[in-house]
Amino acid sequence: MISVFPKTLIATRFLSRTPTLPPKLNAIRTMSSSTQRVFQLKLDLLTGNSEWVVIEDNDNDNDHESFSQNFHQPLLATTSYLDMLNDSTRNAAFRQAIEKTITKPCHVLDIGAGTGLLSMMAARAMGEEGRVTACESYLPMVKLMKKVLRLNAMEGRVRVINKRSDELQVGLDIPARAHVLVSEILDSELLGEGLIPTLQHAHDNLLVENALTVPYRATTYGQLVESTFLWQLHDLHNNEPTVSDGIHLTPPGLGKVLSVKRQQYAMHCDPIREEIKLLSEPFKIFEFDFWKRPESHGETELCVKATNDGRVHAVVSWWVLQLDQEGTIYYSTAPRWISSPKTTSPVDWCDHWKQCVWFVPGSGISTLKGEEIHLHATHTETSISYSLDTQVPATEILNHRWTTGDLQLVLPPERAAIYGDKGWRLSMLKAVQSKLQGRGCPLCLVADDSVFLPLLVAQFSEAPHVMSLLPGLKERGLQYLQAAAHANGLARNCIEVLEKGVKQLTMHDLHQKKVDLLIAEPFYVGHDGMLPWQNLRFWRDRTTLDDILSDDAMIIPSKGILRACAVSLPDLWKSRCCLTKIEGFDHSVVNATLGACGHLPESEEGPCLPFFVWQCGEFNVLSETFDVMEFDFSKQICQCQGKSQVQFTKSGVCHGFVLWIDWVMDLQNSVVISTGPDRRYWKQGVKLLGTPRTVGPQRLSNVQTCSAVLEAFFNPLNGELKIAHDFL
């Protein structure tokens, strides 16, 4: 992830538009009298190693290779910039509002300017006179913006400043305060990209009194819902009683130690509409005016009347943007089931703004139709939170037998749901029991960040001796496992956390014993949003540990199978296709860096990107699932390749392929954990085609293509998976 500055600082627009794929990057910006540069920490997710690379602003913006030579993949492919720029509803709304607001020459300030689209709209609205200052803090984006401005003959009309907005000084960076502010630093929650501190600083230091703004106002709304799926995403404590392995990850006294962070989570709610029971009408929560200085903190009390009997599991929220002062131009992120005559939702599915979900703690609040539920909403500078009366049932007020202090492990929602999933835990139990049966006192090494596997192995070993690496959790994981082991009736010293990386481990660390069981889920902290094959880090670790494995060491999982299917994904494809003109401004020069997938030249192809496919709008499987290649963990990591024939089973337009890894937990192939598109807790890899193809079964004569070939190549040096396809 690229995080140039902390989330709470001003005009950091990278939270929803930042890469989450390798190269995983952290950035620090420095300046000298002649150049500006970004030092970016490039993390190899296969090994955990990192190195610093440099991006310099040497004004050589015509040389694309000088911009991207340090990166094997498009630098900004996993941001939401491309999806945002393909949102025609958003683009048109901003153009209309800018043209309506800016009616004469003036000084316009664009904060978080991105590619410069809003700056160019403002310059065009003023004609040849006037001044536009575009402020963008992220250097790679600045370099892209300069290319776009040059392509559209706007270089002389938009002044680009590579700074955060709170670094701008009147008289030094800009000659005078601006008359108009145009800005789009909004995330799905509205506030997460620093909207409030950005507006505060701008009104205090950069804008004239009574400045005009586009947008003019934003209003947040919410709705109470019941949903078993949403409940399972956070309430591990109340889901655990349904499993039969005897392990308690959240035993009495530790129920809040392993939990999901209390925050709003961005999520497409339309795909689960049939699983949602609406328990209230929509209600207004907060209103934020862009045209005046906002407050850092706000609270509101609401009495929400229940419209159905049920149990409130979550608050689903969205926002409506009023772009002009008169209230004629709107944009809404509401789910499809909300309709309003005056607001405009995107015509097409888009991914850059979703709804937000706030999980009501525990098993929720039971309510009857007509009852009033008291909701208290609070906003800080960067987030919105809620509390509901009696939202923590008495059964969850536990007698704390252990003093947990600051100990807390925060889980992503999907990880909490996996740990509470009865089928997943049963598969893990079967795999472990089959390996431990008749093995006496094996030494077990858990190679990943799983907190479930050390407890499971210790529970079912005759004389447990479990070691865990916890490469991401480290000390926090150790503290949790010690407390959880004791709460599960296990000796605290039966689980030992090694505070070393795999390359530093020696027989001394293992008390002169070799490892009999090497096991992982695999799960690594920080990999949740990555491509499925990034978890092949386990294979690399297994190879590194080869010298300390016993001759008959058991490996779980025993292998991984790369699987795929052909899919129709029209909404995702539209959001990722190449840019041409946006509201009259040519953006074709940004396609390669943003990882565009559609309508590419024959010599180019888009990257494979991670998505929760079930959240990607319209989605249809057009072929049978097929195996592409296998990764054999009984052997050391090596180069692999595989090729499969794709047989189409349905007629339709193929937009690409979905790929995932199924983890085979035993040698008999009887225990398999799938992470495919029908499993909603894992992201899949999506490889979109440059040009969609009409396909269908071979028995039909009116289709263009009846079969295809998909080929994949795995590079063990960097963990990259190259995918090629050919339609026959």
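**View 1. Gln 200 is a buried residue, at 7% relative accessibility.** Buried means under 20% relative accessible area, exposed over 50%, and partly exposed in between, with a 1.4 Å probe and protein chains only. This is a predicted model: local features need pLDDT of at least 70, side-chain atom pairs count only at pLDDT 80 or more, and totals for chains, interfaces and linings use all residues. Residues are numbered from 1 along each chain as its sequence is written, and side-chain values use heavy atoms, with hydrogens and water left out. Gln 200 sits in helix H6 (residues 195–206). Helices (H or I, at least four residues) and strands (E, at least two) are DSSP runs, numbered from the N terminus. The Gln 200 side chain makes a polar contact with the side chain of Ser 296, at 2.8 Å. A polar contact is a pair of N or O atoms within 3.5 Å; within protein, one must be able to donate a hydrogen and the other to accept it, and residues adjacent in sequence count only if both atoms are side-chain atoms. Setting aside residues up to four places away in sequence, Gln 200 touches Arg 293, Pro 294, Glu 295, Ser 296 and Glu 381. Contact means heavy atoms within 4.5 Å.

**View 2. Helix H4 (residues 117–126) is mostly covered.** Of its 10 residues, 8 are buried. Among them are Leu 117, Leu 118, Met 120, Met 121 and Met 126. Just after H4, Gly 127 takes a positive phi of about 80 degrees.

**View 3. The largest nonpolar core has 124 residues.** A nonpolar core is a set of buried Ala, Val, Leu, Ile, Met, Phe, Trp, Tyr and Cys residues joined through side-chain atoms within 4.5 Å. Residues with the most contacts inside this core are Leu 230, Leu 455, Tyr 480, Trp 533, Leu 562 and Phe 631. Helix H12 (residues 474–487) gives the largest share, 7 residues. Another core, of 89 residues, lies apart from it and includes Leu 76, Phe 286, Val 315 and Tyr 331.

View 4. Cys 640 is buried, with a relative accessible area of 11%. Its sulfur is 4.2 Å from the closest cysteine sulfur, in Cys 638, too far for a bond. A disulfide is a pair of cysteine sulfur atoms within 2.5 Å. The structure holds 0 disulfides. Cys 616 is buried, at 2% relative accessibility.

**View 5. Strand S35 is mostly covered, with 11 of its 13 residues buried.** S35 and strand S28 (residues 559–568) run antiparallel, joined by 9 bridges. Two strands pair if DSSP finds at least two bridges between them. Cys 565 stands opposite Val 658 in S35. Strand S37 (residues 684–695) is also antiparallel to S35, with 7 bridges. Strand S36 (residues 672–673) has 2 bridges to S35, again antiparallel. There, Trp 663 has Ile 673 as its bridge partner.

**View 6. Gly 652 lies in strand S35 (residues 652–664).** Gly 652 is partly exposed, with a relative accessible area of 23%. Gly 652 stands opposite Val 695 in S37. Not counting residues up to four places away in sequence, Gly 652 touches Leu 622, Arg 693, Thr 694 and Val 695. Val 621 is 31 residues from Gly 652 in sequence, and 9.3 Å away in space, C-alpha to C-alpha.
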